[in-house]
Every structure is written in structure tokens, then in C-alpha cells.
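Please read them with the structure open beside you.

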Amino acid sequence: MQEPTGATTRGGRTLYGEIKIYTGTAHPELAHEICDYLKIPLSGADVFQFPNENIFVKLHQSVRGQDVFLIQPMTRPVNKNIMELLIMIDTLKRDSAGRITAVIPYFAYARSDKKDQPRVPITARLLADLIETAGADRYLTIDLHAGQIQGFFKIPGDELTAFHLQRDYLLRKGLDNMVVVAPDVGATKKARNLAEALNAPLAIVEKRRVGNDPTARALSLIGDVEGKNAIIFDDEIDTAGTMTNAIHFLKQAGAKEVYAVATHGILSPPALERLREAPLTELILTNTVPIPPEKRLPNMTILSVAPLLGEVIRRIHFGISVGALFNE
């Protein structure tokens with residue numbers, strides 16, 4: 001990995017030692033793709049559970065003074081992978097790593113970002129505190145469910161977006177007569193940005209959710225989708241209730257074809273059954289979380305975020321602006 005012109009250095013060297021990439025067991029495929037982009041090997045570690053479910057970590061080599069990036073999305077099994085992340089950070093800290101960046105492509109518990117009813121936790125804040133206490137110096141994530149979660153961290157970090165990756169893919173498809181649809185009011189801002197980038201109008205599906213019921217019902221449509229190629233845009237698909245509800249609603253409203261675009265394909269049951277039965281032309285996701293073969297549908301496209309993460313890791317290591325990447 002060549003040091004670029006203008007890299008932050010001290011005495012002819014970068015501020016931190018050699019770059020090291022580690023991964024837990026949550027998504028090693030993504031870590032390997034990132035290393036392929038950076039043209040460096042993935043650093044080794046033993047990470048496993050004892051029969052009593054206690055997690056054990058041992059690094060294969062010392063990371064003293066090194067610039068370490070730990071790849072670990074908070075994917076299923078969520079709580080195990082969170083503990084694995086924290087234990088690996090503690091391991092790196094106790095081996096005197098120069099800097100530790102927790103690379104968390106998918107941040108779990110992001111919906112627990114505020115007290116929206118009495119006697120409930122703010123779990124996203126708790127996770128931020130745990131990551132800091134474990135010893136992380138920085139964090140890196142993609143498309144948080146709620147942007148204010150950035151304010152829960154005292155350590156510096158970067159929230160990246162898959163927006164440009166998704167926009168470019170849709171532009172290459174050359175669809176005409178498009179309309180971008182927010183599947184609920186909460187997704188309006190992100191959908192509006194995509195509509196502007198695609199030079200397309202915006203429509204919004206208004207839905208209602210009762211209490212903590214995971215299901216919600218579409219009530220009305222703001223905008224016109226009749227005879228158009230509708231692109232539903234959201235940050236994640238979990239059980240796919242909101243998404244498939246919107247798909248059926250748009251078809252009933254006269255949409256020609258429906259495309260669904262999301263960053264995080266969580267796909268908790270019964271998501272696959274719902275999506276398989278929905279009148280959906282294409283489902284476009286990224287690999288922020290692993291999507292194994294048994295979860296892949298014939299009309300599913302998976303975009304890789306590895307080049308994005310790899311380039312940002314390179315820029316962080318050499319002290320180059322990350323924001324400038326999205327202005328180029």
C-alpha cells in the first residue's frame with residue numbers, strides 16, 4: 001500500500017505504525033475483501049467460544065504501536081458478536097496497539113436511540129459507552145438508522161454511506177420514468193436525496209404502527225406512482241414487513257415495476273417468505289452484513305462496500321480527509 005502525497009507523517013513515517021486488519025467471526029468475507037483492496041494480508045487471531053459460551057481471543061502476532069482496524073458488524077447472533085467485538089478491542093488494547101478503530105458496518109440496537117415511551121433504555125448509547133470503555137480510539141460505521149447516534153460517542157468516528165454506491169448502480173441500469181418512494185415518513189429525507197440524485201420525483205407511503213407491534217399498516221400515498229418504475233429506498237430490511245407492505249401498496253396504486261434498495265439486509269424471519277411472494281422486480285442490498293446462499297433470492301443484487309471501507313481505512317491511516325472522498 002503506497003503512501004500518498006500529503007500523508008500525515010512524523011519524521012518520515014505515518015503517525016501510527018503499520019496498518020493491521022483484524023476480524024471477528026461476524027463477517028470474515030468482508031474483511032478479506034477489504035484486505036484485497038488494500039493489498040495487505042488479514043492479520044490472524046484465534047477467536048472461539050468455550051463450551052460454557054465464554055469467548056476467548058488470542059492474537060497471532062504483536063500489535064504494539066500498530067494502527068489496527070477491527071472489522072465486526074453487529075449481525076446475528078447479535079449479542080455474541082457484540083461481546084466478541086468488545087473482547088477483541090480489549091485484547092488489542094492490552095497488547096499496546098497504537099490506535100484501534102472499530103469498523104462496525106452495521107450498528108445494532110440503533111432503533112433504541114431515545115426514550116420514546118416510559119421505562120425503556122437507550123441501548124445505542126450503552127453500546128457507544130461499552131465500545132469506548134473497551135478501548136477503541138475511533139469508530140467507523142455505515143448508514144446508521146438514526147444519525148444522532150454519532151453524538152453518543154466521545155471518541156472520533158465516521159459514519160459512511162452506501163448512497164453513492166446505490167445511486168451509481170441505479171444510474172447504470174438506465175431506468176426511465178422513475179419515482180423514488182420512502183416506505184414511511186421516517187425514510188423521507190434519505191429518499192428525497194436519492195430522488196434528487198436521480199432527477200426523479202418523490203413519493204411517500206404513510207403508515208401507522210401501534211405500540212411495539214412490529215407490523216404496521218400503509219394508509220395513504222403522497223405522490224404519483226402510476227405507470228412509473230418505483231424505487232423504494234430505506235436503510236435496512238429486517239422482517240420486511242414495512243418494505244413488502246409498501247411494495248403491494250405501490251402495485252395497487254399502479255406502479256409499473258417496483259425496485260427495493262436498502263443498505264443493510266438483516267432479513268430476519270419471515271422476511272424471505274414475504275419478499276419471495278412480493279411483486280418485486282429487484283432487491284438491491286449491500287454486504288454490510290453477511291447474506292448466506294440460503295438467504296439469497298433470484299432477484300437479489302448485493303453491492304460490495306469493501307472498496308468504500310478499504311479506501312476510508314487507507315485515508316484514516318495516512319491522515320487524509322475522508323469527506324473529500326465523497327466530493328471527488
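1. Leaving aside neighbours within four places in sequence, Asn-54 is in contact with Phe-48 and Gln-49. This reading rests on a predicted model, and Asn-54 itself lies in the loop between β4 and β5, where a relative accessible area of 43% makes the residue partly exposed.

2. The UniProt record, an unreviewed entry, places the feature "binding site" at Asn-52, Glu-53 and Asn-54. Of these, Glu-53 is also located in the loop between β4 (45-49) and β5, and Glu-53 counts as exposed because its relative accessible area is 60%, above the 50% cut-off for that class.

3. Phe-56 sits in strand β5 (residues 55-59), and its relative accessibility is 33%, so Phe-56 is classed as partly exposed.

4. As for the whole protein chain, it contains eight helices and 16 strands. Its radius of gyration is 21 Å, close to the 20 Å that the globule rule gives for 328 residues, so the chain is as compact as a globular protein of that length. The C-alpha atoms fill a box of roughly 65 × 50 × 35 Å along the principal axes.

5. Buried residues account for 52% of the 328 residues in the protein chain, while its accessible surface comes to about 15500 Å², with 50% belonging to carbon and sulfur atoms. Among contacts between residues at least 6 apart in sequence, 64% join residues at least 24 apart.

Notes:
Residues are numbered from 1 along each chain as its sequence is written. This is a predicted model: local features need pLDDT of at least 70, side-chain atom pairs count only at pLDDT 80 or more; totals for chains, interfaces and linings use all residues. Side-chain values use heavy atoms; hydrogens and water are left out. Helices (H or I, at least four residues) and strands (E, at least two) are DSSP runs, numbered from the N terminus. Buried means under 20% relative accessible area, exposed over 50%, partly exposed in between (1.4 Å probe, protein chains only). UniProt positions are given in the numbering used here, feature names are shortened, and annotations may be inferred rather than shown by experiment. Contact means heavy atoms within 4.5 Å. The radius of gyration is taken over C-alpha atoms; the globule rule is 2.2 Å times the number of residues to the power 0.38. Accessible areas come from the Shrake-Rupley method with a 1.4 Å probe; for residues, only the protein chains shown count as cover.
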